[in-house]
Amino acid sequence: MESCNLNSDNVMVKIDSLSKSFGHIKALDNLNLDIKKGELLGIIGPNGAGKTTAIRIICCILQPNSGEVTVGGYSIHHDQIKIKSMIGYLPEEPNLYERFKARDLLKYFGELYGVPKNQIDHRIGELLELVGMSKRADDRINTFSKGLRQRIGIARALIHDPEIIIFDEPTMGLDPATSRTIRNFIKGLKGDKTVILCTHYMDEADLLCDRVAILNQGRIRDIGTPKSLKEQVHGDIILKVRVYEPQKIDTHRITVLDSVEAVSLEGNEFLISLHTREDISNIIDVFGSQAYSVNTKEPTLDDVFIQSV
C-alpha cells in the first residue's frame, strides 16, 4: 500500500477550521481536531452535535462550506479517490444489499475497491472468520438479524484493508452479548489501525478509546484521555448524601475539611467532591441524623459530558 504523507506529529487525520451548514442550521462551526496514526479516538456528543456530518466530510461524502481536512496528508478537496481508498466506514445503519449472500457482497465491494483477484477469496475468508460469520457466508443478507448485519458491515468496511476505520454508533440497538462482541473486535484494532468511534454510550468510549473528544454545537468542547477528562470533574470521589432538611446542614463545617473540593445541593441531595476518602466519616458526622442515604461514586464520562454540554 502506498505510504501516507504524515507530518512530524504523526497526525493521520487533520481537521482545520471546518464549517458546514444546512440552510440556517450550522452543523459544524470552525471545527479543529488532530487524530494520530494508530489511535482510537472517540467522539461523543448529543444528537445534532455534528458527529455524523464531520465523519461524512472526512469520508468525502459531503463537502464543507469552508475549512480543510487532510487524511494521511491528502486533501478532501483534491484527493478524494485516494482518501476513500484509505478509509473503511461503518455507518449507523449500514446499507447492505439484502438479496446478496454475505460472501458475494464482500466480493462485490472488494472488486469495487480494487482488491487483487488472486487475493480476494482469501481476504473474504479471513474477514468472515474474524467477524464470526464463516458458517453464514452463503446465506442471504435479508435472513440476518441486526447484529449479524453489523458484523457483515464491519467486514465490508475492512475488505480493502484500510488504514482508517470509522464506526458510527456500531452497537446502537444491539443486545448486550452482540455489543460485547463488537466492542472486543474494535478493541482488537487498536494500534494496528487508526480508528474513529462515534458513540452515545459513555462506558463504551471509556472502555475502548485512547482519547475522547466531546462535540457540541459543531465544536470540540473538550478532549483528552478518559482518565484525564474524568479528573477534570471536581474531585476523585463524589459523596452523595440525602437528607431530610437540607437547610439545617452547616455546610461550612464540610467545606473547611482538607479533602473537600466542592459542595453542591440538588433537591435534598448533597454532592461533595473529595480528593481522598479520609474525611468521609467526619462529613457523615456533620449530617448526623439528618442523613438517610449515603453513597460514593467515582467520576464517569457521563459526568464529564454533562459538565461540558
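Helices here are DSSP runs of type H or I with at least four residues, numbered from the N terminus. With that in hand, let's walk through this predicted model, starting at its surface.

**A nonpolar patch**

Leu-112 belongs to helix 3, which covers residues 102-112. Leu-112 has a relative accessibility of 55%, so this residue counts as exposed. Together with Tyr-97, Tyr-108 and Tyr-113, Leu-112 makes a nonpolar surface patch of about 380 Å².

**Helix 1 and what follows**

Helix 1 spans residues 51-58 and is mostly covered, with 6 of its 8 residues buried. The buried positions are Lys-51, Thr-53, Ala-54, Ile-55, Ile-57 and Ile-58. After helix 1 comes Cys-60, which has a positive phi, near 65 degrees.

**The cysteines**

How many disulfides does the model have? The count comes to 0, where a disulfide would need two cysteine sulfur atoms within 2.5 Å. Cys-59 is in no disulfide, and its nearest cysteine sulfur belongs to Cys-60, 7.5 Å away.

| Residue | Relative accessible area | Class |
|---|---|---|
| Cys-59 | 6% | buried |
| Cys-198 | 0% | buried |

Both values can be read against the cut-off for buried, which is under 20% relative accessible area. Cys-59, at 6%, is therefore buried, and Cys-198, at 0%, is buried as well.

Key
Residues are numbered from 1 along each chain as its sequence is written. This is a predicted model: local features need pLDDT of at least 70, side-chain atom pairs count only at pLDDT 80 or more; totals for chains, interfaces and linings use all residues. Side-chain values use heavy atoms; hydrogens and water are left out. Patches are made of residues with over 30% relative accessible area and no salt bridge: like charges are joined within 9 Å, nonpolar side chains (Val, Leu, Ile, Met, Phe, Trp, Tyr) within 5 Å. Accessible areas come from the Shrake-Rupley method with a 1.4 Å probe; for residues, only the protein chains shown count as cover. A salt bridge is a side-chain nitrogen of Lys or Arg within 4 Å of a carboxyl oxygen of Asp or Glu. Helices (H or I, at least four residues) and strands (E, at least two) are DSSP runs, numbered from the N terminus. Buried means under 20% relative accessible area, exposed over 50%, partly exposed in between (1.4 Å probe, protein chains only).
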